[in-house]
Structure formats: structure tokens, C-alpha cells
Amino acid sequence: MRLAGFPRIRVANLPTPLEELRRFRQAIGGPRLFMKRDDNTGLALGGNKARKLEYLMADALEKQCDVVITTGGPQSNHARMVAALARQLGMEVILLLTGEEPKDWRGNLLLDHILGAQVIFAGTKDYDIVHPRMEAMAEELRRQGRRPYVIPVGGATPLGSLGYVQAILELMGQATDRGVNFDYIVSATGSGGTMSGMLVGARIFAPNLKVVGISVSRDRVSLTQRLCSISEAAASLLGVELKFPAEEIDVFDQYIGEAYGIPTPEGLEAIKLLAKTEGILLDPVYTGKAMAGYIDLVKKGYFPEKANLVFFHTGGAPALFAMEEYFR
Ligand SMILES: *Cc1c(COP(=O)(O)O)cnc(C)c1O
């Protein structure tokens, strides 16, 4: 296993805090619950993408790239963090965002502009169109003598997911320090890079730790296929051959609501409940829905009462500032 052998730039604030949520647990019941504060990683307001970017941008530096191209929705946390890190490293950044340009610059989109990213709207939400278009832009830049580095949506590549293999190692160290044995991780899952890394990390460092993903966009079948293939490829980068059969991956897709990016009533309630009990801010697109899923699973008795759980707070709070109307 050669995790330590991969080029990595240490730009995230790690280890992130691990906090027990006592008041929140009193409100909802269920087993002992901790929160891994990956919303505190840094990179212009933080989030899970920081860990992936430690590996992806190290690769960009090694290739001596001078401009980074990536994509995401108009409220993409990933795009904002890529922009921040590219700037920190002295690179330019082009964000090819999905859909049409919103009339207001709010939340992450405002931050993208402040960071001086070149923001372009693709006019489509179809990544099968957006990804080739990023490649075409990169090709054009190469013809002009530039050295572009393209990062797919969410940084969900085997290399990027190594950030979450490392996160599991970090969590296990904290668990030992605290004298707790964790049985479950619960996390929002979107493009799948985060959960893939967790699956690989758990298999290698903590074989009894189960990873439960709450999908915010994809259906169970297509998400588990994706998780399988990213996890297996990440494992083979590390020089280990691991199998992740789709039927053994725990993913729930019933908390998405109408669509990706559209808040659900249960997600908004979960955001308000955590804020009122712990003073911690979740987000409406990812962690609010994941927490709503967690609360529902607790109600259904999915987790044994004696278990110890970690909810990964993967960030996203900047999107709150683009969602005022939902909280009125
Ligand atoms: C991107 C993101 C996720 C999901 O991570 P993936 O690796 O895309 O599955 C979860 N939470 C927040 C806040 C994110 O920005």
C-alpha cells in the first residue's frame, strides 16, 4: 500500500476536528454521534474537496500546469475551492459551470468571481457534453502554448479519492486518541469521489467500519456502479487489488427530493435543528439532505443503539447565502 508515495500538497487544515454531538443526539435519539468537521479544511470557506485537491493539484504542479479547468453547478463548492487553490498556487482558473447564468451572483458563484475565476456557463446540465467541452478548451489552450489541467466534476477521480483514504487514516488516529471504536460513517455522496475513498480507506484501515452514503443526486444503481469503479481504481493506484461489489455498498437515494440542488423540507429542518442544538451550519444541497437521511434512518432503527457513528460534515455552507428564500 503506497499512499504516502503519492505527491500531495499540504494545503488543507488537517486533522479536522472531531466533535461529539450530544445536544443534537438528545433531540433525535439514536446512537452516540460524532461529527468530523471537514467543513473546516480551509480553502476559501472549506469543504471536502480540499482533501481531493491535495492530490489532484499536486499532480497539476508536477505537470507544470498554469491554468486549471473544472466544472460543477452554479453553486459548486468544488469549483470555488479549485479557484481558491489555483490562485494560491499562482495559476489561472476557468470554471465551465452547468446551466444558464443566474441573474444574481450569490453564495459560491459570488466567491468564484471574487477569486477572479473566468466563469463560463455551459447552457446544459449534461456532463457528457460539459466534460468533452472542457477537453476541447484545454486543447485550444495547448495550441496557444498554455499548460491546462482539467479536473472532472467533483474531482471524483481515483487520484482525488485518495484524499478520503487518507481521511480514514486520520479518523482512526483520532478514534484511538479518544478511545472510541467507530462502527459507521455517514456522508453525503454526489459525484462519489469522497465515498469511494472512504470505502477504500475503511477496507484497508478499519475493516469493521461501515460507510453509509446518502445520495444527493444519482440513483442507487448508477451511483453504486460509479463507486465500485472509482474505489477499485483507487485501490489499484495504491497497489492493492480490492473488490467492491455493488450489492455490498450501502447507499440511500430516497432523500434527494425533487432534484440535485433543490432543498427538501426535511433537509431544511435538519439544518435548523443542528444549528439550534449545536451551533453548526449544514448546507441545503448536500449535508442537510444527508442529515435528514440520517435522522430518518435513526427513526427506522437502522443503526444499533450501541454503535458509534461519525457524520462527515463535508462543507457547503456558502450555498446557504444563495438560498435565503427557502428559509423565510
Ligand atoms: C461535493 C460535495 C459532496 C459530495 O462529495 P462527492 O465526492 O462529490 O461525492 C458533499 N458535500 C459537499 C458540501 C460537497 O461540496
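Hi everyone, and thanks for coming. Please keep in mind that we are looking at a predicted model.

Let's start with the ligand. Where does it sit? The space it takes up is the largest pocket. Around it there are 14 residues, and those that come nearest are Lys 49, Lys 52, Ser 191, Thr 194 and Thr 314. What kind of residues make up this shell? There are 11 polar, 2 charged and 1 nonpolar.

Now look at the contacts. A side-chain N or O atom of Lys 52 is 2.5 Å from an oxygen atom of the ligand. For Lys 49, the side chain has an N or O atom 2.9 Å from a ligand oxygen. Gly 193 takes part through its backbone, with an N or O atom 3.4 Å from an oxygen of the ligand. On its own the ligand exposes 370 Å², and the protein buries 98% of that.

Which elements give two or more residues to the shell? They are helix 2 (49-62) and helix 7 (193-205).

Next, the backbone. Most peptide bonds are trans, and most residues other than glycine have a negative phi. With that in mind, find Leu 14 and Pro 15, which are joined by a cis peptide bond with omega about -5 degrees. Pro 15 lies in the segment before strand 1 (18-20).

Then there is Leu 43, whose phi is positive, near 75 degrees. You'll find Leu 43 in the loop between strand 2 (32-37) and helix 2.

Note on methods. Residues numbered from 1 in each chain as written. Predicted model: local features only at pLDDT ≥ 70, side-chain atom pairs only at ≥ 80, totals over all residues. Heavy atoms only, no water. Near = heavy atom within 4 Å. Polar contact = N/O pair within 3.5 Å; in protein donor to acceptor, adjacent residues only side chain to side chain. Areas by Shrake-Rupley, 256 points an atom, 1.4 Å probe, with all protein chains shown as cover. 1 Å grid on protein atoms, 1.4 Å probe; cavity = no way out; pocket = protein on both sides within 12 Å on 5 of 7 lines; lining within 4 Å. Sits in = over half its atoms within 2 Å of the grid points. Helix = DSSP H or I, 4+ residues; strand = E, 2+ residues; numbered from the N terminus. Nonpolar A, V, L, I, M, F, W, Y, C, P; charged D, E, K, R; others polar.
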